[in-house]
Amino acid sequence: MFQSQLFSKTRREDPKGEVSQNAKLLIRAGFIHKEMAGVYSYLPLGLRVLNKINDIIRKEMDALGAVELELTALQNPLLYEKTDRWSGDKVDIWFKTELQTGGELGLGFTHEEAITELLKNHVSSYKDLPRAIYQIQTKFRNETRAKSGILRGREFLMKDLYSFHVSEEDLDNFYDKVKGAYERIFERIGLGDSTYITFASGGVFSKYSHEFQTLSEAGEDLIYLSEGKKLAVNKEVLNDETLSELGLSREELSEKKSIEVGNIFKLGTRFSQPLGLYFKDEKGGSWPVVMGCYGLGPARIMGVIAEIKSDNKGLVWPRAVAPFDIHLVILGKEVELSGDREALTETAKTALEIYEELTASGKEVLCDDRDLSAGEKLADADLLGIPFRLVISDSAIKKGKFELVDRATGEIEYLSEAELLNKVR
Ligand code: ATP
Ligand code: MG
């Protein structure tokens, strides 16, 4: 893609009224736009990052044998009455609205009720189980704290997976597989070394749930981490009984601030029973389906990366989720790449040639063809944080060597055009 096609402009100054580091950087770099507190749009660069995160998640969900669907954002209050999550004060983050024709609706903050009700049409026998179903869909939560940028949106993307089983044993088995899938997701995204599985409070069915917590000073959670055992306990469940159950001692734990990026739960029959999702066993006996649910926040993950992988010059994307692989920056005047190819300057012609070669070899390249000073272009490249920057200039062409800079390490290599293409391939 040519940078002149992007409408988003970078800013040198922090946006007013934004306190979180992730939103400041992502807005300055033109990845997101703040509509209002806790509500952000994703611009082309930001959407590319989000989609890459989603692709990694989808691959791991599909490998679990899960299938994807998309449920509605508008939710039916009748279902939530049955599980006692509509009236009363059990859920304090509902966005509710009224129909012109009378009655109420809710904007989905989660989808256990909806998917359980839906499955009543498709599950009746033990032969219909197990099932694993997921979506990557927009959730709405009336969060009181919305000062953390895309870490805590009032409208945000969630991957939610639900599983359905004939027994607790089968659920336990699948639950462990999901843990493994989550570990691989964070590894692939580039957060593997700073994300820890954490024991947290469970709910009615199980004593604990498991959170995936990424260490960050911007975090709102406190966890107690054993780095040696790669295991943590959320502050809310820290007590001697839990520690002895997990074989942990207080001495080996250190207190860390962290961000919850994922949370997996055994639900048991908490939803199947009140909503009436039952199956018949081999002898014709009727039983409530045993369920699990598994959440992950793609937008929050993007925010976490902006928080912990940036430096004083800007964003630094891990390769797997970067909006582009290579930022090809053309320095010098008259870089206009459209129009008659023969009329191009030698620098522009070379740049176009390299752009086409790189793209043909499967690389995603952002080509800075804008008519701006070298200083502005290089500062923008640092701010955008694409893993490799390749500079094409008159002097580089004269020398026959191009500068390739690794954004994360600052390492510079000087390569001829042939060496460059070889390396990339
Ligand atoms: P928190 O305790 O931070 O409010 P939660 O426990 O309510 O989060 P879950 O209901 O477990 O969140 O949601 C599953 C996942 O969705 C979370 O692990 C997180 O990654 C993401 N998520 C939850 N709330 C938000 C939000 N307001 N903005 C962005 N992502 C969110
Ligand atoms: Mg949670």
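Before you start: residues count from 1 along each chain as its sequence is written, and chains are lettered from A while ligands are numbered from 1 in the order in which they are written. Because the model is predicted, local features need pLDDT of at least 70 and side-chain atom pairs count only at pLDDT 80 or more, whereas totals for chains, interfaces and linings use all residues; side-chain values use heavy atoms, with hydrogens and water left out.

**Exercise 1. Get your bearings**

Find how many helices and strands the protein has, and what percentage of its residues count as buried.

Solution. 
- Step 1: Go through the secondary structure, and you get 12 helices and 21 strands. Helices (H or I, at least four residues) and strands (E, at least two) are DSSP runs, numbered from the N terminus.
- Step 2: Look at the overall dimensions. The C-alpha trace spans about 80 × 60 × 45 Å along its principal axes.
- Step 3: Check burial. Of 425 residues, 52% count as buried. Buried means under 20% relative accessible area, exposed over 50%, and partly exposed in between (1.4 Å probe, protein chains only).

**Exercise 2. The magnesium ion**

Work out which atoms coordinate the magnesium ion, ligand 2.

Solution. 
- Step 1: Pick the donors, meaning N, O and S atoms within 2.8 Å of the metal (3.2 Å for Na, K and Ca).
- Step 2: Compare the accessibility of the two residues. Glu260 is partly exposed at 24% relative accessible area, while Asn263 has 14% and counts as buried.

**Exercise 3. Around ligand 1**

Describe the shell around ligand 1: how many residues surround the ligand, and which element gives the largest share?

Solution. 
- Step 1: Collect the residues with a heavy atom within 4 Å of the ligand. You end up with 13, and the closest are Glu143, Arg152, Gly153, Glu260 and Val261.
- Step 2: Sort them by type, and you get 4 nonpolar, 4 polar and 5 charged. Ala, Val, Leu, Ile, Met, Phe, Trp, Tyr, Cys and Pro count as nonpolar, Asp, Glu, Lys and Arg as charged, and the others, Gly among them, as polar.
- Step 3: Look for backbone partners. A polar backbone atom of Gly153 sits 2.9 Å from a nitrogen of the ligand. Val261 brings a backbone N or O atom to 2.8 Å from a ligand oxygen, and a polar backbone atom of Gly297 is 3.1 Å from an oxygen of ligand 1.
- Step 4: On its own ligand 1 has 590 Å² of accessible area, and the protein covers 82% of that. These areas come from the Shrake-Rupley method with a 1.4 Å probe; for residues, only the protein chains shown count as cover.
- Step 5: Assign the shell to elements. Strands S8 (155–165) and S13 (254–268) are the ones giving two or more residues, and S13 has the largest share, with 4.

**Exercise 4. Cysteines and a covered helix**

Count the disulfides, then say which residues of H4 are buried.

Solution. 
- Step 1: Look for cysteine sulfur atoms paired within 2.5 Å. The count comes to 0.
- Step 2: Cys293 is buried at 8%, and Cys367 is buried at 0%.
- Step 3: Turn to H4, where 6 of 8 residues are buried: Glu112, Glu113, Ala114, Ile115, Thr116 and Leu119.

Conventions: A polar contact is a pair of N or O atoms within 3.5 Å; within protein, one must be able to donate a hydrogen and the other to accept it, and residues adjacent in sequence count only if both atoms are side-chain atoms.
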